[in-house]
Protein chains: 2
Amino acid sequence: MASYVHERSRFNLEDNEMPTQWYNVQADLAHPIAPYLGPDGSLADAEALAAIFPEPLIEQEISTQRWFDIPGPVLDVLHTYRPGPLNRARMFEKALGLPDNVHIYYKYEGINASGSHKANTAIPQAYYNKISGITKLATETGAGQWGSALSMAGAQLGIEVEVFMVGVSYDQKPYRRIFMESFGATVHRSPTTLTEAGRAMLEKDPDTLGSLGLAISEAVEVAAASPDTNYALGSVLNHVCLHQTIIGQEAIKQMELAGEEPDVVIACVGGGSNFAGLAFPYYLRRKEGKTGARLLAVEPKACPSLTHGSFEYDFGDEAKLTPQMMMYTLGHDFVPPGIHAGGLRYHGDSPLISQLVHENEIEATAVYQKDVFAAALEFARAEALLPAPESSHAIAAAIAEAKAAAEAGEPRTILFGLSGHGFLDLAAYENYINGKLQDYDFATGAVVG
Amino acid sequence: MASYVHERSRFNLEDNEMPTQWYNVQADLAHPIAPYLGPDGSLADAEALAAIFPEPLIEQEISTQRWFDIPGPVLDVLHTYRPGPLNRARMFEKALGLPDNVHIYYKYEGINASGSHKANTAIPQAYYNKISGITKLATETGAGQWGSALSMAGAQLGIEVEVFMVGVSYDQKPYRRIFMESFGATVHRSPTTLTEAGRAMLEKDPDTLGSLGLAISEAVEVAAASPDTNYALGSVLNHVCLHQTIIGQEAIKQMELAGEEPDVVIACVGGGSNFAGLAFPYYLRRKEGKTGARLLAVEPKACPSLTHGSFEYDFGDEAKLTPQMMMYTLGHDFVPPGIHAGGLRYHGDSPLISQLVHENEIEATAVYQKDVFAAALEFARAEALLPAPESSHAIAAAIAEAKAAAEAGEPRTILFGLSGHGFLDLAAYENYINGKLQDYDFATGAVVG
C-alpha cells in the first residue's frame, strides 16, 4: 500500500495570518436588503433595536462599510482556537473512490470547546455588550450550540449569561446544559415562571415541552426589562453573519496554500450565519474576478426555506417579537419536524443570504437526513472526525458534487464547511444506526422511510 | 486592553514534519527492564504472547532497537489528525496571573474523533494485526477512550472490533457505546454469556456491574479461542508506549519553533502510555544533552501507584491472566475508588515508566480530583478547550509548577500533555459543580471533602 503522507493535506495558517477584520457583504450587494419593519409594519430603526442590542452591534447590523476592525481583546479570545484548520480529506476521497482530479477540502470549526462556529460571534457579542456597560446577556438555545458558545464567551470576557433552554432539549440534552453550567451560565428550562410569556404558557399548558419561539420571547422579555441586560442572537442577523466571515477569509488563504481554487463552496444553512461565514468572502473574491466558485447552501428536505419558501417579509420568531425581515420563509408559524439537526430547524433565513439567493448569486439544495447521517459516518470513519448532524448536510452535498464530477469525467475542487463536532449528538447517531430515523419531504408532504 | 494576538501562540508543524519513526526507550535504559513472567513464575517468552498478539507487535514489545519505521498505511491514517497542535496557553497564563517569565505550553491529543491519544496506538495495532491475517480484535474498555479508539482504527483499516465494556460503564456512558457502534464495532455489556469467564461470574452474581479485570478476561478468552482473533491492549505494554512517542517527537520540534526548552514536562499516568508518549522523547533528548527538562508523572491521590505502590512483580489484571511484570503496583486485587478519571484507575504502571521512576529519571506526584476539576474549569474557561478529567491531572500539576516558580521569582517553561477532550465526561463535571465529588487519599486512607 502506498502512502501519501508526504503530500500536503493540512494547510495551517500562522498566528499572524488570522484575519483582523470582518467582511461586511452589505458593501457589495447589487441591491441593498430591504429594511426591517416593526410589528406594526412601520420602519424598525436603530433606536428600536437599542433596547436589546448595544450600539456597536446595531451599527454593524445596518452599515454598508466593507471592513470592520476586530477589537484586540476579541482577537485574543478568538486566538485561543484560531486560525482554524483547513484540510484536504484525502482518506475520504479514497473511501469514495474518486478519480485523481476530484478533490475535497474541509474547513473545520469544531475545535473550540463549545464545538461549533457559534463561538466566532458569541465572543464579539459578549465583548461589545461588556464595553457598553451591560453585565448580563439573556439568550435562548434549542439544540444547544449557541447557548454553549455564549456561555463560553461570557466566561472568557466576564459577562453573566442566562440561557432559556427549550424544555424538551433541556430534558434530552443534559450534557449541553452541564456544558453551559460548567462555564458559569445559568440555564433555565423554558418555559419558566420568571417571565410573563413563560407564565402565560404554563397556565395554558403546564406540561408544555417549550419551543424555540417561546424561549426567544422569554430571553427578549428579560433583556428588555433590565437596563443592565441585553439579548444575544446566534444567527440570522447581519452582524452575526459579519462575525463569521473570519471563516471564509481564512479558507481563502488556506486554499491558496493548497494551490487550488474551489469550484464550489458548500455549507449548511439554518439561520445562515455558518454559510455566510464561509461563503461571503468567496462572494467578494468572485466580485474581484479571482474565483469562479459556485456558492452552495444546503438545507434539510424537512425544512427547506431557501428551496421551497417564499421571499417575503416575515417575523424571525413564532411570537412575532422580532422585527419583520425580507427573507425566504416557510412562515413564522411553521413548526419543522423533529429532525436531528436542531440548528437547521428554522422557518426563515438570513436576509443577506435570502437576497443573494434571490439574485441567483447563491445556489441552494435540500437533502434527506438519512443521506446526511450516511455521509457523516462515511466521513467520520475515513477522516477520524465526528461531524455534527448540521455540518453533515454539507458533507452529503459534497459527496453529490464529487460523484457528479467523477461521473462527468470532469475535474472539480470542492470546499465544504464543517461547522461543528458531533460528540453531543450521539443520540441522533444511535437513532440512525438503529433505523429509527424518518425523513420528511416538505415539498411533497411525504414521510419517507 | 492590549492584545497579544500578534505574538505567536500556535506552533503547527507542516505535514512532512510528522514523525515517521517511533522511539523505543528500551534502547537507552541504564538497565533493561525485568523480563515478564508467566502465571507460574517461569519466563514468559515471545511464544507465550503469540496466542493473542501478532509477531510485529511482539517484536516491538521486546526489542532494544532505538527506532522503528512507521509503515506507510499507518502514517496515512495518523495523518488524518496529525501533526497535532502545540499551543502556548497565553489566556490561561493571564488567568493565573503569572509573571512574564513563567510560560505554559500544552500538547493536545483530543483532535481525532475518538478524542484521546489512544488512537496513536489503536491505528498501528489494527494495522499489524490486519497484515498478520487477523480479521477481528477483541478488547475491553472501562472509561471508553480505548474502545472508541480501537473502534475507529478498525473502521479505518478494515478489521472487525469486538468490545467488552464494563457493565457499569455500559449503563452510565451510552454515548461512548454509541460512538463505538457508529464506527461499526460490536459492543457487549460485560460480563456476557459468550465466555466461560462471563458465565461463571453471572452464575455467581447475576446482578454484577462487571469490572475491568473481568472484561479483560472475556476479551482474552475470545482472542485465545480463535486463530482469526487477537487481543489488543490500550496501555501499559512497551509496544503501546512506543506508538505514543510520536507525541513527544512532535512536541520537541514544536517547542523548538517556540524557541523555548521546557524546564518540566508533565503528563498524567494511568497505565502510562500517555506519559510515555510525551516524556520518552524528552528522556532521549536529556541523554543527548539537549535539555535538562524534568519529567513529571501525575496520578490521582486515590490510586497513586508510582508514589505509594511497591516496585515488584505483579499481574496486569485482577484475574491473573496476563504475565507478571516488574512495576509499581498497589496490588492486582486493589480496586480503586470510583473517581471520575476512569483512565487513571489502574493498580499498576507501565514497566518502562516504573523502571525510570525507580531509577529517579522520572518524578511522580499525586493530586486530589477536586483540585483536578477546579484546574480543568479554569483552563477550559481561559483556553476554550474542555479537557478530559484524566488530562486535567496534568493541568493541576502545571498550575502548581507555575505558582511555585512565580512565588520563587524564578523563570519556568512548563509543557504539559493534554491527552483528550472531556465532551463525553460532562456527567463528571456536573458532579463536581454540584459539590458531589469526594476525594480519597490512598496514603492516609482518609476520605477528604
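Colleague: What does the side chain of H421(B) reach?
Modeller: The backbone nitrogen of F423(B), at 3.2 Å. Keep in mind that this is a predicted model.

Colleague: OK, and where is H421(B) placed?
Modeller: In chain B, in the loop between β14 (412-418) and α18 (426-433).

Colleague: Is H421(B) buried or exposed?
Modeller: H421(B) is buried, because its relative accessible area is 3% and buried means under 20%.

Colleague: Which residues is H421(B) in contact with, leaving aside its neighbours within four places in sequence?
Modeller: From chain B there are Y108(B), G110(B), G115(B), L386(B), P387(B) and A388(B), and from chain A there is F423(A).

Colleague: Let's switch to chain A. What's the strand order in the open sheet of six?
Modeller: The order is β3-β4-β14-β9-β10-β13, and the pairing is mixed. β3 (86-88) and β13 (363-367) of chain A each have a single partner strand, so these two stand at the edges with one side left without a neighbour in the sheet. On average, neighbouring strands are turned by 25 degrees against each other, direction ignored.

Colleague: How many bridges are there between β4 and β14 of chain A?
Modeller: Seven, with β4 (residues 102-108) and β14 (residues 412-418) of chain A pairing in the parallel sense. Along that pair, I104(A) has I414(A) of β14(A) opposite.

Colleague: Which helix packs on the sheet and touches β3, β4 and β14 of chain A?
Modeller: That's α12 (residues 246-258) of chain A, whose direction makes about 140 degrees with that of β4(A). Helix α17 (residues 389-408) of chain A packs on the sheet too, touching β4, β9 (264-268), β10 (294-300), β13 and β14 of chain A. The direction of α17(A) makes about 175 degrees with that of β14(A).

Colleague: Moving on to α13(A), where does the kink lie?
Modeller: At A279(A), shortly before the proline P281(A), and the kink is about 35 degrees. From first C-alpha to last, the 15 residues of α13(A) reach 20 Å, close to the 21 Å expected.

Colleague: Why is α13(A) described as largely enclosed by the rest of the structure?
Modeller: Because 13 of its 15 residues are buried. Just after α13(A) comes G289(A), with a positive phi of about 75 degrees.

Colleague: Back to chain B: which residues of α15(B) are buried?
Modeller: P351(B), L352(B), I353(B), S354(B), Q355(B), L356(B) and V357(B). That's seven of the eight residues in α15 (residues 351-358) of chain B, so this helix is largely enclosed as well. The cover over them includes α11 (238-244), α13 (273-287), α14 (305-308), β11 (310-315) and β12 (324-329) of chain B.

Colleague: And what caps the N-terminal end of α15(B)?
Modeller: S350(B) does, with a side-chain oxygen 3.1 Å from the backbone nitrogen of L352(B). Following α15(B) is N360(B), which has a positive phi near 65 degrees.

Colleague: Last one: what's the order in the open sheet of four strands in chain B?
Modeller: β7-β6-β5-β8, with parallel pairing. The edge strands are β7 (186-190) and β8 (229-231) of chain B, and the twist averages 25 degrees from one strand to the next. Three bridges link β5 (residues 136-141) of chain B with β8(B), where K136(B) stands opposite T229(B).

Colleague: Which strands does α10 of chain B lie across?
Modeller: Helix α10 (residues 212-225) lies across β5, β6, β7 and β8 of chain B, at about 170 degrees to β5(B).

Methods: Residues numbered from 1 in each chain as written. Chains lettered and ligands numbered in written order. Predicted model: local features only at pLDDT ≥ 70, side-chain atom pairs only at ≥ 80, totals over all residues. Heavy atoms only, no water. Buried < 20%, exposed > 50% of the residue type's maximum accessible area, 1.4 Å probe, protein only. Polar contact = N/O pair within 3.5 Å; in protein donor to acceptor, adjacent residues only side chain to side chain. Contact = heavy atoms within 4.5 Å. Pairing = 2+ DSSP bridges. Axes fitted to C-alpha atoms, helices over the stretch in contact; angles between N-to-C directions. Expected span 1.5 Å × (residues − 1). Bend = angle between axes of the 7 residues up to and from the residue.
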